[in-house]
Amino acid sequence: MAILNFTLSPEALSKLHDALVCLGKFSEAVSIEASHDKLVLTALNSSKSAYASFKLIGNKFFTKYQYKPPRSGNQAKEKFYCKIYNKALLSVFKGRVGDPTRERETGIERCDVSVEDGEGKTKSRFVIKIICRHGVIKTYRLTFESFAPMHAFFDRAIATNSWSISSRTLREFVEHFGPGTEQLDIYSAEGRVSLTSYTEKVMSGSEILKQPLHTTIAIDTLEFAEFAVEEQLHIVISVKDFKSIITHAGITNTIVKALYSRPSCPMQLTYSDEGMITEFILMTIGEVRTASQSPAPNASRAGSKRPLEATSSSKRNATSEMPPPPASAAPSLKKRATRPSPPPPQPSIQSNDLFVSQGAGDDDGAWDPYEEQDEMLLYDADGAESNPMTMNSNRTQSAIPSQSINGPRVSAGGIANGDSDATQALEPTQRLSQVHGVFDD
Amino acid sequence: MSAIVEADEPPIFKAVSSSARQLFQLLNCIRFANKAHVQISNEGLRFAVEESRVMQGIVFVEKALFTTFNCNIPAIEPSDDDPDALSPDLPNFQISLSALLETLQIFGAADANNSRFSKPDNDGYGSNIRPHRPNAFSNQALGMAGVCRLSYAGIGAPFSIILEESGVTTTCNLNTYEPESPEEIPFQRDAMQVKIIMQARWLFDAVSELSSTSPTRLDITAHPQAPYLSLSASGHLGSAAVEFSKGRELLETFTVAERWTQSYKFEMIRAAAEAMRLASKVSVRGDEQGVLSLQFMVEVEGGGVSFIDFRFVPFLREDDEEADEDEDSQNDDEEEFDDGEP
């Protein structure tokens, strides 16, 4: 018995393909959830730090949409969900998307999808029937896994910062992001928004595994359709995720809306297109503002790992004095340096965050696992500092253009204050507080 | 070349073509195996390639494709009109097909298609509509077409190819090998059960469609009624089928007495994909034993038609029911798996 039937027009098919491509950048499996009025496709990345969801509205996106819930007992199930390997879906929809002139002869007339799931004799299959001109019918019967999807939760109430911008404009900006950069810092001050994509230097012994790279794009807030963000707030997300989103959003000319509160809280990006509502929830990387961690374990860990702590910190003192002109930029960059650079490990820690908050609703409680992250932060900071000279020279270079673009960003005092907040959070590291001390002097 | 030409006897075979391109295009369709069996007759050249005795590809290069074609068969003239028939008297030998293709490519016979060779897994849609159509900048259009001379002096002599293009001459002598006694895959023309003539591109489209499930087996089924012809394959992620349900519109000729179904190794059928892409029409024939014959009609540049012939031996199926049962039991397993989930 088919519990779900829907028909797609060739245009909708191509949109679905675009959506699947986008989902494929997050996870290799797509979760499909059908209810009486909509179909929701979601993907959650393996580290659970990014979540993508496409809501396809039954009567708008589809030519026909019918959900006949299976009855279990006397109660009809409200939702049907399954999980399909994205590669299988993509291979079904691949190739025909694009310009219709290419495949005039075997062009698609429509696509019928039905989901058969039944107890007993019925085979459980996701059946896609593509009806082409000349009566060529391509039928795919894909296996699926019955699996309830995980949804990320975003609390709009606490999201005080928001901006929205045309997706095409945003795509133009994204094209400038340095290749291979990992993090994206979104920062605004005095009517200018800086999008900085950057990579931290990664060292393994004396070998440089990754060269640091910073690319800053400064945009006037007038480019935005709407812009209401706290001044001088740094929000850091993954470049890769952001690029995946904007690549998809840029296909159609729409307005991308971002909502977020503060670092280390999720950020939501939404946009919609005829019958399709797209939502992404990304974890932001950031400092912990609550001084809830016990400094002791961190310190001891750091000590055991880095016996040369004393020398490295003294070096830092020396180096941090070196770039006086970009004093405003340097601390902010320094602050970034404390963020973990290899992205894979850190989201796994944040992973819970996206979800714990869903049930708990208590924000602060949710952020507890940061202890572990601090350990990483520490380790990373050390790694960077073990090579202070090169690191610093690179930073000053990269910092100068960003400063010049930002123009009137000389209010070092304000920055320093903002910074003090950040360093407070990192107090357990002790050495950073020394840095802070130097600046104050 | 001079050494060969000036030998006492005239060479057995000498031919000149205005371009190596056609020859390359045709032979490229059967490059699934390394050694090609070449047979020279008064009608043309016959290149046969086979794989594990279950797949066979034959290209017959008619003498009309050459500007001059001289063949001095030593003993008796072959009276047989059928180019497929193997007469032991005809000069025949083996050469390395890949080496021959390399040679023919020297002057960019494949210039338009280079990308395809570097990416064989390209989905093929790019050049699907009019494959190998010369564009305004191809050598042919610019009048830079070279000359390709082929010759073969006799048993033991190399097969030599001389390519001349814009004042550059390349001479290649390919060693010839003793022919293995090639046995054709027998196709019973008198016990033919299926005969379908259709556009080759549709077959290409169907096969590339099915390849997405990375199947091992391709099932071809022909029905006297709708859905007439269906190709199906199943892989790990599910199964896929392509049906040509409006037989009359799609299939130029469709002769099926009763339901006919056979399974073939998917990879083998896919090895003929290049021919499907190049050809304009294909004749799909199946006999009582399930041997599949695909005959491709290729319209060669500058007019003229060439044929590429493939034959495939089917997988052994005791009877259809058993195969279906197999499938069912597999599905049962999967269902159990599905049910095991929450």
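In what order do the nine strands of the open sheet in chain A lie?

Mentor: Happy to! First, a word on the model: it is predicted, so local features need pLDDT of at least 70 and side-chain atom pairs count only at pLDDT 80 or more, while totals for chains, interfaces and linings use all residues. Residues are numbered from 1 along each chain as its sequence is written, and chains are lettered from A and ligands numbered from 1 in the order in which they are written.

Now your sheet. The order in chain A is β8-β2-β3-β4-β22-β21-β20-β12-β18, and the pairing is antiparallel. Strands here are DSSP runs of E with at least two residues, helices are runs of H or I with at least four, and both are numbered from the N terminus. Two strands count as paired if DSSP finds at least two bridges between them. At the edges of the sheet sit β8 (80–85) and β18 (226–228) of chain A, each pairing on one side only. On average, neighbouring strands of the sheet are turned by 20° against each other, with direction ignored.

For one pair in detail, take β20 (residues 255–260) and β21 (residues 266–273) of chain A, which are joined by four bridges in the antiparallel sense. Here Lys257(A) has Thr270(A) of β21(A) opposite it.

Two helices lie across strands of this sheet. Helix α4 (residues 167–174) of chain A lies across β12 (161–166), β20 and β21 of chain A, and runs at about 95° to β12(A). For such angles, axes are lines fitted to C-alpha atoms, for helices over the stretch in contact, and values run from 0 to 180 degrees between N-to-C directions. Contact requires C-beta atoms, placed from the backbone, to lie within 7 Å.

Tyr152(B) faces Phe159(B) in β8(B). These two strands form a hairpin with six residues between them, and Gly156(B) in the turn has a positive phi of about 90°. β8(B) is also joined by seven bridges to antiparallel β9 (residues 168–174) of chain B, where Thr170(B) is the bridge partner of Leu163(B). Two residues separate the strands of this second hairpin, with Ser166(B) in the turn at a positive phi of about 40°.
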